[in-house]
There are 2 protein chains.
Amino acid sequence: MSRKEVEEKLVKLGKKIVSDIEKGNNPAVEIPIRSLSNIVFDEKTRLLKLGDKTAKRYFFNVAQAKSFMQTLLVASFCRDIVKENIHTSIRDMYYNLKRTLEDSDENTFDEQAESDPIIVDLETSLGVLREQLHLIADRKGVVAGNVVVEDRGDEIDWSKLGSGGWSIPSAVEDIKFKKVKADFILVIEKNAGFERLHEDRFWKKYNCILIGTGGQPARGTRRLIKRLSVEHDLPVYVMTDSDSYGWYIYSVIKSGSMALAHASDELGTPNVKFIGLTISDIEKYGLQKSTIKATEQDLKRAKELLEYPWMDYKEWKREIKLMLQKKIKAEIEALSARGLKFLSEVYLPEKIEKKQFLP
Amino acid sequence: MSRKEVEEKLVKLGKKIVSDIEKGNNPAVEIPIRSLSNIVFDEKTRLLKLGDKTAKRYFFNVAQAKSFMQTLLVASFCRDIVKENIHTSIRDMYYNLKRTLEDSDENTFDEQAESDPIIVDLETSLGVLREQLHLIADRKGVVAGNVVVEDRGDEIDWSKLGSGGWSIPSAVEDIKFKKVKADFILVIEKNAGFERLHEDRFWKKYNCILIGTGGQPARGTRRLIKRLSVEHDLPVYVMTDSDSYGWYIYSVIKSGSMALAHASDELGTPNVKFIGLTISDIEKYGLQKSTIKATEQDLKRAKELLEYPWMDYKEWKREIKLMLQKKIKAEIEALSARGLKFLSEVYLPEKIEKKQFLP
C-alpha cells in the first residue's frame, strides 16, 4: 500500500464523519473488537487473526465522546505525518497531542496508555499497519548476508558491514530489495549467537541471510523476515533457547501474537521452521552438563504452549512434554560446551543438511 | 595494544606461575582490589579509577585454590581465542569451561556468577580490556554520520546506511577510521530521538556524528565515543531525559562507573558536555504540561548524584536541586509537545549555537 493510499484512507475516515454530521447522524467510527473473544486461529493461513466482530464508537455518547475525540485527534495527526513524510514514535505522538481543552480541566490524553490503543483502533479499522501510519516502534535486530537493499536513497550491501551488520529499522515497508542471493534465512534469538555466526561468516559459507533478533523480535524485524521470505521465496529457520520463552518467540514469528492479531498477515510467517534447540538435542549433543533447572514459570508457560492450536504438532507436543517431564531447559550458548565453533561448523550444518526441523 | 601484545601478557602470566612452581614457591596471581574502598575519583583525569591496593591469590590456600584454578582456566581460554582470533560471549565461555573435575563431584564453575568476576580479575591484573581478551558484551547502539570506517576488511560509510544506521559492534578496538568529517558528536539516550534526528538528516545538516545508545550505552558504544572524540579531537554533546537515570547515564559516559572503574581510561570521556534535557529547559521551552511526577526512587538517586565528586559542578547542583524542589522530571519526547521537528530544528541548534551546555 502506497503512502498516498494510506493518506486517502485517513481522509476518507474524516470525510465520513463530516458526512455523518451533514446528514444529522450521530458521527461514528466502526472498530474491530480485539478482546480474546474475537481472536481466532485461522487454520487455512495458520495465523492468529481478528474475527469479524466490530463495535461502533459514537460522538454523542457520554461514555464514548472522549475516545471518539481521541480517535479523530490521532487520525488527524497520522494524516499530517504521512503527508509530510515524517515518522515518529508513539510516545512523541502522545506528547504532541496532549493538551488541556479550552475552558476546562479536561486533557486530550492524560497518559500514553490512552493514546496507544487508539493507534491499534486505527490500524484495525483502516486495515493498515502502524508503520504505514508512520508511527515507529523501538528498533532491535541486526542482519547480514548477500543482499543489497535500497533505503532512503542509499544502497546498502549487507555483506559489507564489517562486524557491525545492518541495524534493522523500525519501518521496513519502503525498503527495496535490489539483490538477494541466499538459499535460506537463519533467525537467531541471541545476540551472542549472531556475533559468533557472523564472525565465522556463516552467512557467506552457507549462502544465507543471518538475522539476530536480540530476544523477542521487534515488529520491524518480523516484517523483514516476512517480506524476505515471501518476496524471495526463501525458507526460514529459527533458532532459540530450548525453553518456553524461546519457543514462544518461535510461535510469534510463525503465527503472530494475540496482542497483534490484526497484523498477523504482515508480521507472521507460517512457513518458518524450528531448527533448535530442542530438549532432544540435549541428549543428542551431550549437553546434559549444560542444562538449567526449569522454573515454575517455565513449566507453566510450557503447559500453555501445549494448549495453543497453532503449536498443535506432534513433534512439538513431544518436545514440550519432554521438557515438562525432565524439568530442564538449555540455552543456545550451551552448545559452546562442545567448542566455540560447534554451532557454526557442526550443529547448524548437520541440522540443515538432514532437514531436522520442527514444524 | 595489539593482539600479539595481549597474547604475550597472557603467556607471561602462565610463565610466571610455572616459574613459581619451579622455584618451589606457592604459585600466586596478583589482582587489584575492586571494592569501594579502592575506587577513587581522579581529579586530574576526572575519571573514576581503581586505587593501587592489590591482593594475592594463591594456589596453596584452601580458601583460594578454586578461584586460582578458575583464574588460570579463564586465562588459558582467553589465550586460545586471542591466538585463534575468534570472539565469544562471557556466557559461551562459561559453558565452554564448565566441567566436572575427574574423580570428584567438583565443577570448574557452578554458575556464570563465578566466571564473570574472574574476567574482570584478568582485565585489571593484566591491564587489558575484556574486548581485547576477545570476550564480547551485548551489542546495543547505532551510529550515522559522515564517517567511513574499515572493519574486518569491509569499508563502511556511515552516511549511506538508509534509515538503519550502523549497528555498533561489541568490540570496536580494531575499527580503523578512514574518513571522519564532523564538527562534533551528538549522543542521544533514546532510540526514538535517534530515529527522529536521523530521518531529519540532522547529522548531515549540522556536520556531526549521531549516536543512539538505547538507554545506558553498551561498552562498545562508550568505547566508540571515546575513540572518536580523542582520535579526532571532537567535542561530544550528550542528550538524555531530564531525570536522575538520564543524568547518571551522562555521568557514566563522562567519568566511568564504579563497576568498571578499571576501564575508565578506555570507556570514560571526561570532556563530554550535557546538552539537555535540564529541569530549567522545562520552563524555558514551555514543557510544563509534559512533565512527569518524580518517584521516590528518582528523588533518592538525585540526592546520590548530589554527593558524587564527579558531578560536583555548580550548574549540576542547581539543576539537581531544582528537580528535588519541584519533584518533576521530563523525557526527551516531551519536546514533541512543541512540534515533532522542534528537537532537530530549534532545541539542538539553539543550544549548540549558544553553547548552552552543562559541564
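Three salt bridges are found across the interface of domain 1 of chain A and domain 2 of chain A in this predicted model. A salt bridge joins Lys49(A) to Asp265(A), with 3.2 Å between the closest N and O atoms. Polar contacts between domain 1 of chain A and domain 2 of chain A number seven residue pairs, both partners being at pLDDT 80 or more. On the side of domain 1 of chain A that touches domain 2 of chain A, the elements that give two or more residues are strand E2 (39–42), strand E3 (47–50) and helix H4 (112–126) of chain A. Of these elements, E3(A) provides the largest share of that side, with four residues. Sorted by class, this side of domain 1 of chain A holds nine nonpolar, three polar and six charged residues.

The two domains of chain A span residues 3–136 (domain 1) and 142–353 (domain 2). Contact between them draws 18 residues from domain 1 of chain A and 21 residues from domain 2 of chain A. Their C-alpha centres are separated by 33 Å. About 1800 Å² is buried between domain 1 of chain A and domain 2 of chain A, and carbon and sulfur atoms give 65% of this area.

The interface between the chains was examined in the same terms. Here, 53 residues of chain A are in contact with 53 residues of chain B. The area buried between chain A and chain B is about 4600 Å², with 46% of it on carbon and sulfur atoms. Within the area that chain A buries against chain B, 15% is supplied by Tyr95(A), Arg139(A) and Arg152(A), more than by any other three residues.

Between chain A and chain B, the count of salt bridges is six. A salt bridge is formed by the side chains of Asp154(A) and Arg201(B), with an N to O distance of 3.7 Å. Polar contacts across the interface of chain A and chain B comprise 25 residue pairs, again with both residues at pLDDT 80 or more. The side of chain A that touches chain B receives two or more residues from each of helix H2 (65–84), strand E5 (88–89), helix H3 (90–97), strand E9 (154–157), strand E10 (166–167) and helix H5 (191–199) of chain A. The largest share of this side, seven residues, is contributed by H5(A). By class, the residues on the side of chain A that touches chain B are 16 nonpolar, 19 polar and 18 charged.

Conventions
Residues are numbered from 1 along each chain as its sequence is written. Chains are lettered from A and ligands numbered from 1 in the order in which they are written. This is a predicted model: local features need pLDDT of at least 70, side-chain atom pairs count only at pLDDT 80 or more; totals for chains, interfaces and linings use all residues. Side-chain values use heavy atoms; hydrogens and water are left out. Domain bounds come from an automatic or database domain assignment. Contact means heavy atoms within 4.5 Å. Buried area is the accessible area (1.4 Å probe) that two parts lose on being put together, summed over both. A salt bridge is a side-chain nitrogen of Lys or Arg within 4 Å of a carboxyl oxygen of Asp or Glu. A polar contact is a pair of N or O atoms within 3.5 Å; within protein, one must be able to donate a hydrogen and the other to accept it, and residues adjacent in sequence count only if both atoms are side-chain atoms. Ala, Val, Leu, Ile, Met, Phe, Trp, Tyr, Cys and Pro count as nonpolar, Asp, Glu, Lys and Arg as charged, and the others, Gly among them, as polar.
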